[in-house]
Amino acid sequence: MSTPDRKTAEVRHLLESGAHPVVPIELADRAAELGLRMLHRRRIARRLMWLLLMAAVIVFAVWAATVQPWVAPPSTVTPPVDGL
């Protein structure tokens, strides 16, 4: 039997046995708290990513304004002198 078939058979056996495990009373409260913590962490992570993105855009804009990489560098070779 492959793994998904074995797992399906185990679940069917548990459901057909009729004996359901006792669920703790505070399970819903703990699950809700866990969900709120996860949402809070995701919100903080998302805000940090946006902050880093904005900082990178600002740093790039300042660098591009000061260095001006689109301007060709001055020539280091002097042109030949004619007329001597």
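Analyst: Helices (H or I, at least four residues) and strands (E, at least two) are DSSP runs, numbered from the N terminus. It's a predicted model, where local features need pLDDT of at least 70, side-chain atom pairs count only at pLDDT 80 or more, and totals for chains, interfaces and linings use all residues. Residues are numbered from 1 along each chain as its sequence is written, and side-chain values use heavy atoms, with hydrogens and water left out.

User: How many helices and strands are in the chain?

Analyst: Two helices and zero strands.

User: Which residues does E10 pair with in a salt bridge?

Analyst: R6, with the closest N and O atoms 2.9 Å apart. A salt bridge here is a side-chain nitrogen of Lys or Arg within 4 Å of a carboxyl oxygen of Asp or Glu. E10 and R6 both sit in helix α1 (residues 3-17), four residues apart, about one turn of the helix.

User: How many salt bridges does the whole structure have?

Analyst: Two. R30 and E26 also meet in one, at 4.0 Å, N to O. R30 is partly exposed at 45%, and E26 is partly exposed at 39%.

User: Switching topic, what does the C-alpha trace span?

Analyst: About 110 × 40 × 10 Å along the principal axes of the chain. Of its 84 residues, 1% count as buried.

Methods: Buried < 20%, exposed > 50% of the residue type's maximum accessible area, 1.4 Å probe, protein only.
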